[in-house]
Amino acid sequence: MSDVDDRSILPVPDRDEPGPTILDAKDPAATFPAIEPVRPPAEAPNVLIVLLDDAGFAASSAFGGPCSTPTAERLAAGGLKYNRFHTTALCSPTRQALLTGRNHHTVGMGGITEIATSAPGYTSMRPNTCAPLAETLRLNGYSTAQFGKCHEVPVWETSPMGPFDRWPSPGGGFEYFYGFIGGEANQWYPALYEGTIPVEPDRTPEEGYHLTEDIADKAIKWVRQQKALMPDKPFFVYFAPGATHAPHHVPAEWSDRYKGAFDDGWDALRERIFERQKELGVIPGDAELTARPAEIPAWEEMADDLKPVLARQMEVYAGFLEHTDHHVGRLVDALDDLGVLEDTLVYYIVGDNGASAEGTTRGTFNEYFMLNGAADMETVEMMAGNIDAFGTPEAYNHYAVGWAHALDTPYQWTKQVASHWGGTRNGTVVHWPRGFEARGEVRTQFHHVIDVAPTVLAVAGLPEPKVVHGVEQRPIEGVSMAYTFEDPSAAERRTTQYFEMFVNRGVYHEGWTAVTRHSTPWVMGPLPRIDEDVWELYDTNTDWTQARDLAAEMPEKLAELQELFLEEARKHNVLPLDDRRVERLDPETSGRPTLIKGSSQLLFAGMGRLSEASLLNIKNKSHAVTAEILVPEGGASGVLVAQGGAFGGWSLYLHEGRPTYCYSFFGVRRFKVAADAPVAAGRHQVRMEFAYDGGGLAKGGGVTLYVDGENVAAGRVEHTQPLIFSADETADVGHETGTTVSDDYDAGSSRFTGTIDWVQIDLGEDAGDADHLISPEERLRIAMARQ
């Protein structure tokens, strides 16, 4: 069916053939057309989209940056660089926009999934009126696969029970998926899925494991198999490593290549990058280097005892990006070895937003300090004492804001700040030897990530679908970039584009931009009223970098563009503007569904990979955890239930047979309470009760352990994490995966050697049963209440 008449309705309707009238199949007249599976037009190329994470415009050496990226340079030498390509300033929104060809609010992704609300532009739910590119290609005969990060699944749908309509496979149109669900991953200990099935890495970091290498291996294997078994089908591969999002994890041999390279600080680095960018022609010769905002400290203002730590942060990041590019190169080499690189449209997008300023002005050894609003608890001495561990499995590190600003040179601001190019402009390379003759050239036409999908459809000779799975589709909002491939001077076809993230907002129109910064990524304080925001005006036809604010000189032009922003905002579900952050983490406040309701949750042995949204929230409140277990003769050991990991979390387990509770406070301190005697053979209830001190967030509490209702140990947890244990590590029953909360065991030795009948978590009034036991009748009552 490669000669399909109408591809605007997908799946392509089966042809109705008249019923056969010949009695005998051996009759020469009993002939029928051969079965022909759906295939795209003969000239449709393979497609590879590489999307890096949190890499700014100036990070890659291909765009003047300090991080060596020979793969990006090689593809650019054989293709094109785009120096006015834009993203949304944040990961989930950029990814959903890329994969659908629609603006991020149009597809409900006005923020990351963890802060979704019930407002139409912010639900995190892709409407079925906006089918993803992968599904369109699959239904037209492409083989499709995704590797790496997926941060587009609504948090209440991230449990092992799904539903999977919005997972990459099957709902997102990818026939194969290998990667992780969420905003970030521990590169040494990722929480992986193959399709919708949780899987574990095949080796440890000590044995050489790293996530980027792993997904490259899987992508290479998949492409080879696809071409071996289906050589007549083109493929669509979406390769989205978790790199270079924090934590910045990389083998030391890669980071050590940059020893001493950043000792003179981020201001000097910014100057070097700026000159190199002019030499490469990725910015005009008359471009101005924008001033460093007052909110970002100068290098000379940093304490001398902190500077070696800061320099090491950047060395680790640079090695991380080079390491990532190396593994992208392995995938590109595999395509070349298969003889298909010449006819593969490659998009190498260096970042889904600007460089990340989420590491605070000093950087961090464990970013969960910052994510819990506790950055001030991490001292210089603490970081300096761990300087050699940055980037290793012992760290969950992020660099300082000054480095992020430098890696967004020559522009203002960083990730999250959608008002300025530092948050939204990302260097992009396009390579397709069979598709265009231009080599090693720069394209300056203004484009946006929503323009990738229509470009792919255009070069594949496929129409935009009008109906998918019986649902009428909303028109794609992007425009094809194919017109730029051979014509560097072609008039740009994207003349208007709005931007908004955390109420940092603006609009581009025919070279002019009107913008306003409402919030600062690393500042958790009070915000101004939205109607008090100060707007800026730039003519980027003559001011490439948004360096000269014309708002005071041209108020009428500013007013015109402010009205245009509102028009675009109304059109694409941007309104109402929402600058809440911490408040939106609460499902009840934000109006999104919550998977677990009530004050009690029952779990069973073998359950695992439970995200924080899949478990009752025990933070900042009293609670109890009870496990009914069967201990064999000779005793038992191992985890009963654990949540989080080494960098924050809790675990209830038997250590040498003794009931033990461990609370890891940011990995800096472990609070343990343990019984003196092991649990005897037989059936028992092991219970932990936590009596929260109250009086606000992040307080401590008393811990009491019981066996069959008898008090066997008591102690205290002096501090708790108020908002999040982990963005990537999960909860498990009967074992613990990834890094471990306690140092009494590792993942390999964590499996409980007895039998777990059930585990129950109780909050509030249910947490303090007078006899410290849960009877069968009580469990039944609670279970019935949940129905």
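Start with the second largest cavity: its lining divides into eight nonpolar, four polar and one charged residues. Here Ala, Val, Leu, Ile, Met, Phe, Trp, Tyr, Cys and Pro count as nonpolar, Asp, Glu, Lys and Arg as charged, and the others, Gly among them, as polar.

Before going on, note that this is a predicted model: local features need pLDDT of at least 70, side-chain atom pairs count only at pLDDT 80 or more, and totals for chains, interfaces and linings use all residues. Residues are numbered from 1 along each chain as its sequence is written, and side-chain values use heavy atoms, without hydrogens and water.

Now select Thr 100, Arg 102, Ala 131, Thr 136 and Ile 476. Of the 13 lining residues, these lie nearest the centre of the second largest cavity. A cavity is a set of points on a 1 Å grid over the protein atoms alone where a 1.4 Å probe fits but cannot get out, and lining residues have an atom within 4 Å of a point.

Next, find the largest cavity, with about 120 Å³ of space. A volume is the space filled by probe spheres set on the points, and grid points are joined across faces, edges and corners. Among its lining residues are Gln 96, Arg 126, Trp 167 and Phe 174.

Last stop: Glu 612. How exposed is Glu 612? Its relative accessibility is 21%, so Glu 612 counts as partly exposed (between 20% and 50% relative accessible area, 1.4 Å probe, protein chains only). Show Ser 726 too: its backbone nitrogen lies 2.8 Å from a polar atom of the Glu 612 side chain. Then pick Ser 159. It sits 453 residues away along the chain, yet the two C-alpha atoms are separated by 9.3 Å.

Key:
A polar contact is a pair of N or O atoms within 3.5 Å; within protein, one must be able to donate a hydrogen and the other to accept it, and residues adjacent in sequence count only if both atoms are side-chain atoms. On a 1 Å grid over the protein atoms alone, a cavity is a set of points where a 1.4 Å probe fits but cannot get out, and a pocket is an open set with protein on both sides within 12 Å along at least five of seven lines; lining residues have an atom within 4 Å of a point.
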